[in-house]
Amino acid sequence: MKYSLQVLGAATVDARPSVALVFDSQRYLFNCSEGIQRFINDRSRATAAVSPGKTRCIFATRAAWLCIGGLPGLVLTLADAGGKGCVIRGPQGMSHAFAAMRHFVYRPNLPVAVLEYRDDDASPEVYSDENLTVTPVLLAPTSDTPSARRSSHDSAVLNSNGKRTVAADHNKSLEKEQLILSHMFAPANFESQSRKRTKKSSETLTDKVSRSTDGRAARLDVKRMDPCSKSTTVVAYVCQGPRVLGKFNVAAAKELGVPSGPLYGKLSRGESITLPDGRVFFIVDCPSIEYIPAITSHSLLKADKYASSPVQCIVHLLDRSVLHHPNYKEWMNSFDKDCQHIVSCIEHCPQEIVLRSTAKIQHKLNMAASEVFPIPYYQETPDESLVSVPNLPSLTAVARPLLTYQFEPKRLLESSSVAPAFALENSDPDGVKSYKYEKHQKYLEQIDAIRSRISFGDPNRAIDERDMIVVPLGTGAAIPAKYRNVSATFLRFPDSSFLFDAGENTLGQMYRHFGPDGLDNELRSLRCLFVSHLHADHHLGAISILKRIHELNTEKPNASPVCVVGPTRYLTWLQEYADVEDFGLANLLLFDSKDLMNAFESKSAAMLRDVAGVEFFQTILVKHCAAAYALVFRHKNGLKVAFSGDCRPSNTFVQIGKDSDLVIHEATLEDDKMAEALEKNHCTTGEAIDIGLRMNAKNLLLTHFSQRYPKLPKLSTEVLSTAGARMEGKMSIGVAFDSMRIRLSEFPQLEHLYGPLNTLWGDIVVVDEDAVPMGADIDAVIDG
């Protein structure tokens, strides 16, 4: 039997530590951070670590967004790709976290169960199937016990009215959470997959959960779940693979006097042979040195417990300071010299380019206008090499995306799938003048021809008082895809910034665009996060953004709070998830979008205008889903901006957005897809342009493109010529790309770039993006 462990996310900002165990029959996932789904799509030729039909077991080491931030999107994708369901296991707080997602995760036909290990459980449930046995090991930080955690100040949390309240009894809360989960998903038959589960405990999770015939309504009936106390528990996992029959030794059988014939067959079938135990390996998460005593002292994590079958591999998910601690290194060295250690730590892992396909796209765009399309930030060498850390075991390797440790048939650390150092792409790497090469050459010729008509200034110069910079961070619809991430648009004014939507891995996108120092500076300037609606592709990256701002404010307090504007149920989600993890909710100003529909009469609007530095701020209810909003505001520097979110054309939006300096509008579909636009409540390109014209807008940025247009959306010459005739030079149109940056004063120049880009990518269309499953190689579907 062949099986292996594969690193997915190492320790980069856009792909945090995640590990997959790959068997032919099933996949097992340990942690799923933001960006993992997109990474798998990007490297589909090199990994099959997640499969809709085979990924049924997911283990989380912490109830923290760093470890589970990619799970909501992954669950939705697995459901839509025909997945068979999954069981998600993790520490206390997992049920609360997932029940809080009820407002935007709803797949009643997908069997899903969420099981958590309680802080006070002395013998947590062991998972076992034909491939794998997984024993959870609960770890608490120094001077932290279950009783201390229950009595800590974290048991007092903010309720929906902003008042402090005491966390409810965990058993009662868990029952309610499981009831909510039963309305979100189909029941999962997981009891046969676990050991040490009594009939009584099985009944607790199934019989007490009565299912409503209307799950959609029932899951939303709970206005605010009872608060829960935060858990500091981290779970390590001791894993043991299947027992594998050894090779039959004929000579040894003869020496024992065993005659040839049927008895050989019995021996070869293992009927009288003591088989070796399966391969043992650990997944160990140590988020601070406070957890080292628990790790080094736990009986299940001691090397001598596995003397008869030594531990073969340990994956270490570490904080910066852990690997230098002498006690941790002593523990690592206590294992057999042949034990392979894989270290995932942001200090020791290079911040290499993880999403290779989008980086190549950015390079080609950079050829056209380097000031508008910067090369993504990357660092091929770590802050500190493992070589410089003394006294580590000899078999210690740094985690890299797709680094693989093979257990069977032969123990092997395999790096053939690890990408080489990133290099700017050669336009004709094989020296063959192919069709793609000819297109590329024509593209370069056209770029040279328009050089005299474009002049973008130094991108690092100060922003003029009457100007702003627009940075689309995610320009695709529905799912994180190979070439376009999900929705996010960053606006930078001279003294503040705004973020419109924050799809999954927006923080990673910002990191690649601004670099580490620039990222923190831009986050410190953020005054307002606007979430247009509850669809997951528009906000799953917000928690990471807010948590990083909270960390920065802890290091250096910022007098200006961040305003978060969103639908009622989105604000409820933030409040409920804050029960599980502290991301700075107490320091945020929350505004319900429905309270900002009248720009001047609302007290909330007056407070927001003062904090965010705007003269006017108004939300508009639009047709897309329940509680979907557009936004129009005027910054104190006089610039007026209108953002559509997702919607059908809105006359109210047109009226309130009149004479906008910039309109950012969704253009999900091309004009011949009108029936689909009506069905899904989106806009076509022509409709978006028409909205801008009716607004008398100066500039229109088209974004939120269907993933069937992976590199460049289709803008028909008829639409552009008609729009041009109507505009008469009054409105400039730009097409958004991930990680571009454009000053409003330079926006009209973007139109000159569309012709060359259309030459390069204009014929690349996926006929039906819904027919391309997760992990499929989109380059096998498109040419380019």
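In which order do seven strands form an open sheet? The legends below begin with the answer. This is a predicted model, in which local features need pLDDT of at least 70 and side-chain atom pairs count only at pLDDT 80 or more, while totals for chains, interfaces and linings use all residues. Residues are numbered from 1 along each chain as its sequence is written, and side-chain values use heavy atoms, leaving out hydrogens and water.

**View 1. Seven strands make an open, mixed sheet.** Follow the order S25-S24-S23-S22-S21-S20-S32. Strands here are DSSP runs (E, at least two residues) and helices are runs of H or I of at least four residues, both numbered from the N terminus. Two strands pair if DSSP finds at least two bridges between them. The edges are S25 (588-592) and S32 (742-743), each pairing on one side only. Further in, S22 and S23 (residues 526-530) run parallel and are joined by four bridges. Look here for Phe500, which stands opposite Phe530 in S23.

**View 2. Phe493 and Phe633 form an edge-to-face pair.** Rings of Phe, Tyr and Trp (its six-membered ring) pair if their centres lie within 6.5 Å; planes under 30 degrees apart count as stacked, over 60 as edge-to-face and the rest as tilted. The two ring centres are 6.2 Å apart and the planes are at 70 degrees, so this pair is edge-to-face. The pair links distant parts of the chain, 140 residues apart: Phe493 is in the loop between S21 (488-492) and S22 (497-502), and Phe633 is in S27 (residues 628-635). Buried means under 20% relative accessible area, exposed over 50%, and partly exposed in between (1.4 Å probe, protein chains only). Both rings belong to one aromatic cluster, together with Phe498, Phe500, Phe530, Phe617 and Phe643.

**View 3. Arg634 lies over the face of Phe616.** Its distance from the ring centre is 5.9 Å. A charge sits over a ring if NZ of Lys or CZ of Arg is within 6 Å of the ring centre and within 35 degrees of the ring normal.

**View 4. Ile88 belongs to the largest nonpolar core.** Such a core is a set of buried Ala, Val, Leu, Ile, Met, Phe, Trp, Tyr and Cys residues joined through side-chain atoms within 4.5 Å. Helix H16 gives the largest share, six residues. A second, separate core of 76 residues includes Ile620, Leu702, Ile742 and Trp761.

**View 5. Lys547 lies in helix H16 (residues 542-555).** Lys547 is partly exposed, at 24% relative accessibility. Beyond neighbours within four places in sequence, Lys547 is in contact with Glu581, Asp582 and Phe583. Lys547 and Asp582 are 35 residues apart in sequence and 7.6 Å apart in space, C-alpha to C-alpha.

**View 6. Helix H21 (residues 685-695) is largely enclosed.** Why is that said of H21? Eight of its eleven residues are buried, so the rest of the structure largely encloses this helix. Buried residues of H21 include Glu687, Ile689 and Met695. Just after H21, Asn696 takes a positive phi of about 60 degrees.

Methods
Contact = heavy atoms within 4.5 Å.
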